[in-house]
Amino acid sequence: MREAITVRNLSYRYPDGSQALEDVNMEVYEGERIAVVGPNGAGKTTFMLHLNGTLRGSEGQIEIFGKNLEKMKREEIVKEVGMVFQDPDDQLFMPTIFDDIAFGPINLGLKEDEVRERVEKAISSLGLSGYEDKSPHHLSFGEKKKASLAAVMAMEPRILVLDEPTANLDPRSRAELIGILNELNEREGITMVIVTHDVNAIPELADRIYALNRTIIETGTPREIFFNGALLKQNKLDVPDVFKVFEVLRCFGVNCEKIPLSLDEAVSGLTKMIETEGGHIHLHIHEHTHDEIEKWRSKYEHH
Amino acid sequence: MVEYPEIDKYSALDSPMHRFDPRAKIVAFIVLIFAVVLVPNLKLALIALIGAILFLIVSKLPLRFALQHIKWVFLFVVPFIVIMPFTVPGTEIFSFFGLTMTYEGLEYGILVAVRALSAVILVLPMIATSKFNVTIKALGELKMPNMLVQMFMFTYRYIFVFVVEFQRTWRAMVARGFQLKTNLYALKMIGRALGTLFVRSYERGDRVYQALRARGYTAKPKTLVEFKMRASDYVWTAVIIGFAVSLLVVPFVEVL
């Protein structure tokens with residue numbers, strides 16, 4: 001598989017001298033969905049800003065599809081790496097949605113009809129038809145979030161970097177956005193790096209996790225990371241609610257071999273379990289249940 | 001939803017002024033505004049005022065909306081009507097406590113006020129009949145320096161964000177018992193709130209710049225525009241500029 005992003009020994013120091021990133025290494029393959037998790041102040045956003053050359057590390061190097069980022073021209077970088085910022089008000093800087101979505105394609109030097117085509121495509125694929133002439137201040141947060149994604153998608157980048165895409169969205173908009181991102185990944189093969197605290201979204205949104213706390217502490221599939229209790233505790237990380245519920249069920253004697261991470265997995269896991277155990281599952285309190293629950297509790301107490 | 005004080009609140013109405021090509025509209029009305037503030041006598045100023053009111057009527061903008069905007073500007077004009085009559089020398093009308101009101105002064109005061117009022121009225125059919133972003137684009141098309149166009153554009157975009165941000169700060173203050181009084185403490189707190197807003201805006205500016213760069217900003221953003229002059233645009237341009245020219249030419253004709 002081809003490497004879309006390669007980060008080698010990246011270090012960055014804030015202007016005030018404190019170390020934000022230290023010896024960060026990462027390989028992201030084409031079409032992969034990566035979640036970057038870590039506690040507040042771990043340097044996630046700082047790291048993200050390196051991926052399109054907004055910030056330049058003091059040491060190390062970044063390659064985008066094998067090309068050294070340092071040696072790439074600005075237009076070349078923004079064409080490859082699209083970045084969706086956390087606050088859509090930072091990202092939607094033009095007076096209307098149309099102008100905002102057209103901004104990137106125009107900067108890529110596309111012809112007018114091509115720009116219009118791109119805008120139209122982005123607008124319809126994100127369900128924003130009818131919003132073209134609206135000003136951002138007349139949109140809801142969820143709509144603004146979609147508009148900022150459309151503005152980046154209109155540039156047709158091969159890599160998409162998103163800072164907290166699901167934060168502050170209502171449940172329906174959140175589910176919609178997760179669906180849109182996965183569709184983009186499936187349909188267009190876009191490589192995604194998602195910085196997030198939303199652990200419940202990770203099983204649906206990411207193939208692999210990088211745990212970042214100034215440096216990369218661990219990498220693995222969501223399953224590997226969520227099973228690593230010590231790592232989670234040290235870095236104030238959490239696991240999906242579904243995962244926790246099934247851990248509790250386990251204490252009550254449910255014999256599930258593979259703890260589900262998402263609701264979909266839970267449905268198929270439960271079905272399989274019930275089928276193999278003759279039509280039902282048993283919950284019971286046995287002599288160790290109490291101790292096991294206590295143990296489970298202490299696993300998630302971050303003291 | 002927040003209620004914004006928007007100048008283009010009624011830009012979706014339909015009137016000859018709304019249909020007027022924004023570029024021609026801006027040029028024509030700016031010429032007229034200059035003519036109006038240069039009219040030499042009260043008679044012509046009143047004609048200008050009537051003309052301005054007619055354009056306002058043609059634009060179908062609601063009177064209340066128009067008065068709201070005229071009101072504030074008029075506050076700055078009132079001092080002229082009050083001060084001028086007592087400071088310009090000429091034929092005395094009456095005097096008290098050593099202050100003499102003169103006929104010439106009164107006329108001059110009213111002249112200044114009427115000119116200003118006409119000019120302000122004319123701004124409304126010019127600006128309030130197009131969406132503001134269209135007006136900005138028109139300014140760009142009229143070769144206004146790109147830097148200024150950008151300043152307009154970003155100001156227009158972010159003024160609303162700042163309004164909301166200040167409201168949020170204000171509500172947080174009120175929620176913790178802050179009361180607006182005319183004492184030093186209240187002033188201090190408002191100062192601090194504004195300071196916070198300033199710092200936040202500065203930080204936001206940083207993030208917006210990052211976002212701009214991330215989408216290939218090169219300090220010269222272009223936008224797509226679709227302006228087209230039609231016959232009616234030429235007619236209106238001719239009418240407005242014709243009115244402007246006659247306001248300035250008539251006094252010389254009378255002299256002849």
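**Exercise 1. Determine which residues of H4(A) and H5(A) meet, and describe how the two helices cross.**

Step 1. A:Phe98, A:Ile101, A:Ala102, A:Pro105 and A:Ile106 in H4(A) face A:Val115, A:Arg118, A:Val119, A:Ala122 and A:Ile123 in H5(A). Contact requires that the C-beta atoms of two residues, placed from the backbone, lie within 7 Å. Helices are DSSP runs (H or I) of at least four residues and strands are E runs of at least two, numbered from the N terminus.

Step 2. By class, this contact of H4(A) with H5(A) holds nine nonpolar residues, no polar ones and one charged. Ala, Val, Leu, Ile, Met, Phe, Trp, Tyr, Cys and Pro count as nonpolar, Asp, Glu, Lys and Arg as charged, and the others, Gly among them, as polar.

Step 3. The axes of H4(A) and H5(A) come within 9 Å and cross at roughly 125°. Axes are lines fitted to C-alpha atoms, for helices over the stretch in contact, with angles from 0 to 180 degrees between N-to-C directions. H4(A) and H5(A) are therefore oblique to each other (under 35 degrees is roughly parallel, over 145 roughly antiparallel, 65 to 115 roughly perpendicular, the rest oblique).

Step 4. The crossing of H4(A) and H5(A) is right-handed, a term for a near helix turned clockwise from the far one by less than a right angle, whereas anticlockwise is left-handed.

The model is predicted: local features need pLDDT of at least 70 and side-chain atom pairs pLDDT 80 or more, while totals for chains, interfaces and linings use all residues. Residues are numbered from 1 along each chain as its sequence is written, and chains are lettered from A and ligands numbered from 1 in the order in which they are written.

**Exercise 2. Describe the crossing of H4(B) and H5(B).**

Step 1. Helix H4 (residues 63-87) and helix H5 (residues 103-127) of chain B have axes that come within 8 Å and cross at roughly 165°.

Step 2. H4(B) and H5(B) are therefore roughly antiparallel to each other, and their crossing is right-handed.

Step 3. Contacting residues include B:Ala66, B:Ile70 and B:Phe74 of H4(B), and B:Gly105, B:Ala113 and B:Leu117 of H5(B). The contact of H4(B) with H5(B) has 20 nonpolar, four polar and no charged residues.

**Exercise 3. State the strand order of the open sheet in chain A and identify its edges.**

Step 1. Four strands of chain A form the open sheet in the order E2-E1-E4-E5, with antiparallel pairing. Strands pair if DSSP finds at least two bridges between them.

Step 2. Strand E2 (19-29) and strand E5 (67-68) of chain A each have a single partner strand, so one side of each lacks a neighbour in the sheet.

Step 3. Strand E1 (residues 3-13) and strand E4 (residues 59-64) of chain A pair over five bridges. A:Ile5 stands opposite A:Ile64 in E4(A).
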